[in-house]
Amino acid sequence: MNKELSSSAKKIQNFLIENGFSCEVKELPDSTRTAEEAARAIGCEVAQIAKSLIFIDKASGNPILIIASGANQVDVKKIEQSKGLHLTKADGKFVKERVGFAIGGVPPVGHNEKIMTFLDPSLKNYECIWAAAGTPFAVFRLSSHEIQKMTDGEFIELAAK
């Protein structure tokens, strides 16, 4: 019998169910805090990890979510130029207060507020990808089509070359 999910992971599982997604949240014994750790714990390629990074739009003070392939570095200047934003990386306090989760477990969904989201097109290269589910030990499997539908995110070129 599976042990009960932690409260943060359960919040994500409930969000998925309530929004019609059949993804199953799993809590693993090994950390999934970084893309490398997650890939090792899951047994997939680092590029299949959908890492959620929170930035702040300096003009509005609102959080911006960037979901990138674990294999890619994000080019913030590229995003700023294409979207007319001025971004700064959010600290742990801001992420916890505004998004509702600690860094290292930020999921693509289930946040405290609606967040403008940009998605890495390289995630489309994989039939399945994995995302954090609220804790540094929780993940769920999904497709790039599902992540776009879940987040209402926009696929834009954001990887550093």
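User: What should I know about the model before we start?

Analyst: It is a predicted model, where local features need pLDDT of at least 70 and side-chain atom pairs count only at pLDDT 80 or more, while totals for chains, interfaces and linings use all residues. Residues are numbered from 1 along each chain as its sequence is written, and side-chain values use heavy atoms, with hydrogens and water left out.

User: Thanks! Why is Trp130 called buried?

Analyst: Buried means under 20% relative accessible area, exposed means over 50%, and partly exposed is in between (1.4 Å probe, protein chains only). Trp130 has a relative accessible area of 13%, so it is buried.

User: And what makes Asp152 exposed?

Analyst: The relative accessible area of Asp152 is 56%, so this residue counts as exposed. Asp152 is found in the loop between α5 and β8 (154-155); helices (H or I, at least four residues) and strands (E, at least two) are DSSP runs, numbered from the N terminus. Asp152 also has a positive phi of about 55°, although it is not a glycine.

User: Which residues does Trp130 touch?

Analyst: Contact means heavy atoms within 4.5 Å. Not counting residues up to four places away in sequence, Trp130 touches Ile42, Cys44, Gln48, Ile49, Ala50, Val139, Phe140, Arg141 and Leu142. Trp130 and Ile42 are 88 residues apart in sequence, with 8.6 Å from C-alpha to C-alpha.

User: How do you know that β2 pairs with β6?

Analyst: Two strands pair if DSSP finds at least two bridges between them. β2 and β6 run parallel and are joined by 2 bridges. One of the partners is Trp130 in β6, which is bridged to Ile49.

User: What joins β2 to β3 and to β4?

Analyst: β2 and β3 run antiparallel and are joined by 7 bridges, with Ser69 in β3 as the bridge partner of Ala50. Their hairpin has 5 residues between the strands, and Gly61 takes a positive phi near 80° there. β2 also pairs with β4 (residues 87-89) in the antiparallel sense over 3 bridges; Asp57 has Leu87 as its bridge partner in β4.

User: Why is β2 described as largely enclosed?

Analyst: Of the 9 residues of β2, 8 are buried, so the strand is largely enclosed by the rest of the structure.

User: What makes a set of residues a nonpolar core?

Analyst: The members must be buried Ala, Val, Leu, Ile, Met, Phe, Trp, Tyr and Cys residues, joined through side-chain atoms within 4.5 Å. The largest such core has 29 residues, of which Ile12, Leu16, Val25, Ile54, Phe140, Leu142 and Met150 touch the most other members. Another core, of 12 residues, lies apart from it, and Phe55, Ile66, Val74 and Phe118 are among its members.

User: Which residues line the largest pocket near its centre?

Analyst: A pocket is an open set of points on a 1 Å grid over the protein atoms alone, where a 1.4 Å probe fits, with protein on both sides within 12 Å along at least five of seven lines; lining residues have an atom within 4 Å of a point. The largest pocket has a volume of about 520 Å³, the space filled by probe spheres set on points joined across faces, edges and corners. Of its 28 lining residues, Arg33, Thr34, Lys51, Ser52 and Leu53 are the closest to the centre. β2 gives the most to this lining, with 7 residues.
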